[in-house]
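Please read it alongside the sequence and the structure shown here.

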Amino acid sequence: MEIGGEGLDPVSPTGHYFNSSVLSISILGVLEFEIPIDDSQTLSLLENVFLPINSRFSSIIIENNGKKQWKKVEVKLEDHVKSPIFPSNLSNESYDKYFDDYISNIATTRFPEDKPLWEIHVIKYPNSNAAGNVIFKLHHALGDGYSLMGALISCLRRADNPSLPLTFPSRLPSKPKSENVMTTTFSCLLNTISDSWWGISKSIMGEDDRSPIKSANNGLEFAPITVSTMTISLDLIRLIKSRLGVTINDVLTGVVFLGARLYMQEMNKSSREAHSTSLVLLNTRIMANYTSIEEMIKPDSKSPWGNRFTFLQVPIPKLTEFSNVLDFVWKAQKIINQKRNSFTIYFISWLLEMLNKFGGHEAASRYIRSTIKNSSMVITNMIGPLEQMSLANHPIKGLYFLVVGTPQDLDISIVSYMGKVKLAFTMKKGIIDPQKLKLCMENALDMIFNASDRNYMQNSTEEQSHV
């Protein structure tokens with residue numbers, strides 16, 4: 001039921017791009033609980049905590065005089081809360097299969113157009129990873145990962161002391177090295193021209209080679225998926241980071257690139273030379289940490305609600321290019337820094353605005369879809385809290401998120417939580433082997449760690465010999 005007729009908020013351009021005839025992308029946030037779930041408070045929490053976060057959670061998208069707008073409606077909470085029924089008294093391993101099939105089903109089901117674009121799925125059956133799970137399904141038109149993580153966190157409390165705020169690792173960038181202004185400016189312009197031309201060419205007609213992580217199949221947006229996760233100690237990543245003089249993201253990107261190449265070689269040796277690209281998503285907000293929902297919705301907020309991100313097209317190094325696996329980390333650092341230190345990310349935003357202005361939202365949406373489809377995988381990451389969280393006094397032992405509805409075979413999402421980093425691999429079912437991919441990623445981490453150890457010891461020995 002619609003409410004009123006005034007004050008309709010326009011859907012943002014990016015909201016149009018992700019909710020069009022060619023793209024419909026959603027985010028799944030998965031919470032893993034330590035104890036069995038009591039869902040008796042679910043509806044009251046949604047009504048009193050979740051819905052007030054943002055009016056979009058109580059709105060549908062309508063078209064008015066050719067323009068899409070958010071229309072406030074009366075929300076029937078019962079329509080948005082799902083609790084599946086599985087067979088009773090099965091083993092945790094048996095419930096793994098039911099959980100995987102269920103998450104594939106909700107990932108491949110479109111939202112109805114006459115209801116707000118979110119759902120909560122309460123799964124009260126234990127599996128190998130948790131005593132129960134809650135899955136938040138949120139359409140990307142509502143906001144990006146930063147906005148939706150902020151909304152999710154506003155519903156949660158610290159498990160040890162609910163009166164204290166959750167804290168997060170610092171997001172402040174490292175200080176740039178002092179360089180000649182003319183040299184830096186000239187280099188930035190050259191990088192911008194090169195990256196922009198290469199990026200447009202890739203998006204329009206430069207599709208990656210076929211490989212074990214990129215099939216020839218079309219129309220994969222709502223194909224069945226399978227999900228695999230991998231957990232890494234944040235201290236281990238920090239140790240590698242300090243040994244190599246890079247960032248945590250550089251280490252994780254290097255692990256993913258090496259793991260992907262190891263998998264490709266394992267499945268098909270001829271794919272060693274395949275040209276493959278990763279789409280790395282970047283948040284464009286100017287901020288150090290997550291801000292409150294109240295701060296996000298202010299008109300002049302530096303960390304506003306919505307979709308504020310861009311993407312970088314990063315070539316995945318080949319195994320034949322290097323003799324040292326650490327070069328995967330250093331190469332990732334070099335390429336991403338080069339692209340960050342250009343105007344490419346702003347050029348992409350400008351290009352989408354021009355496509356939107358002269359070709360309409362569908363033209364911009366087609367360009368984004370083509371960019372995603374022509375790459376081999378997407379990598380996106382978020383920072384989670386340092387402390388354990390709880391929902392209605394249910395401690396959360398782990399969390400991860402998935403991006404679903406994309407036209408490719410492999411999406412990788414990364415989130416930190418409680419001193420650990422969890423990688424979630426979303427794969428189109430029957431195309432990528434989830435167990436082998438996870439094993440290759442674990443091998444890549446071991447190889448990079450061991451190589452960083454040898455590199456550190458060698459450097460220490462050389463330093464001592466010069467004393």
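## Overall architecture

The model described here is a predicted one. Its chain has twelve helices and 16 strands, and buried residues make up 52% of the 467 residues in that chain. Among the contacts in the chain with a separation of 6 or more, 78% are accounted for by residues 24 or more positions apart.

## The largest cavity

When the whole structure is searched, five cavities of 30 Å³ or more are found, and the largest of these holds about 250 Å³ of space. Its lining consists of 18 residues, of which Thr42, Leu45, Val134, Leu391 and Ala392 are the closest to the centre of the cavity.

Helix α2 (42-50) and the strands β6 (118-123) and β7 (132-139) each supply at least two residues of this lining, with the largest share, five residues, coming from α2. Sorted by class, the lining of the largest cavity has 13 nonpolar, three polar and two charged residues.

## The second largest cavity

About 160 Å³ of space lies in the second largest cavity. This cavity is lined by 17 residues, and those closest to its centre are Gly29, Leu138, Leu148, Met149 and Leu152.

At least two lining residues come from each of β2 (26-33), β7, α4 (145-154) and β14 (394-404), and it is α4 that gives the most, with five residues. By class, the lining of the second largest cavity has 15 nonpolar and two polar residues, and no charged residues.

## Packing of α6 against α7

Two packed helices are described by the angle between their axes and by the distance between those axes. For helix α6 (residues 234-244) and helix α7 (residues 248-267), the angle is about 100 degrees and the axes are 9 Å apart. Because angles of 65 to 115 degrees count as roughly perpendicular, α6 and α7 are therefore roughly perpendicular to each other.

On the α6 side, the contact is made by Leu234, Ile237, Arg238, Ile240 and Lys241, while α7 contributes Ile248, Val251 and Leu252. By class, this contact of α6 with α7 has six nonpolar residues, no polar residues and two charged residues.

How values were computed:
Residues numbered from 1 in each chain as written. Predicted model: local features only at pLDDT ≥ 70, side-chain atom pairs only at ≥ 80, totals over all residues. Heavy atoms only, no water. 1 Å grid on protein atoms, 1.4 Å probe; cavity = no way out; pocket = protein on both sides within 12 Å on 5 of 7 lines; lining within 4 Å. Points joined across faces, edges and corners; volume = space filled by probe spheres on them. Helix = DSSP H or I, 4+ residues; strand = E, 2+ residues; numbered from the N terminus. Nonpolar A, V, L, I, M, F, W, Y, C, P; charged D, E, K, R; others polar. Axes fitted to C-alpha atoms, helices over the stretch in contact; angles between N-to-C directions. Parallel < 35°, antiparallel > 145°, perpendicular 65-115°, else oblique. Contact = heavy atoms within 4.5 Å. Buried < 20%, exposed > 50% of the residue type's maximum accessible area, 1.4 Å probe, protein only.
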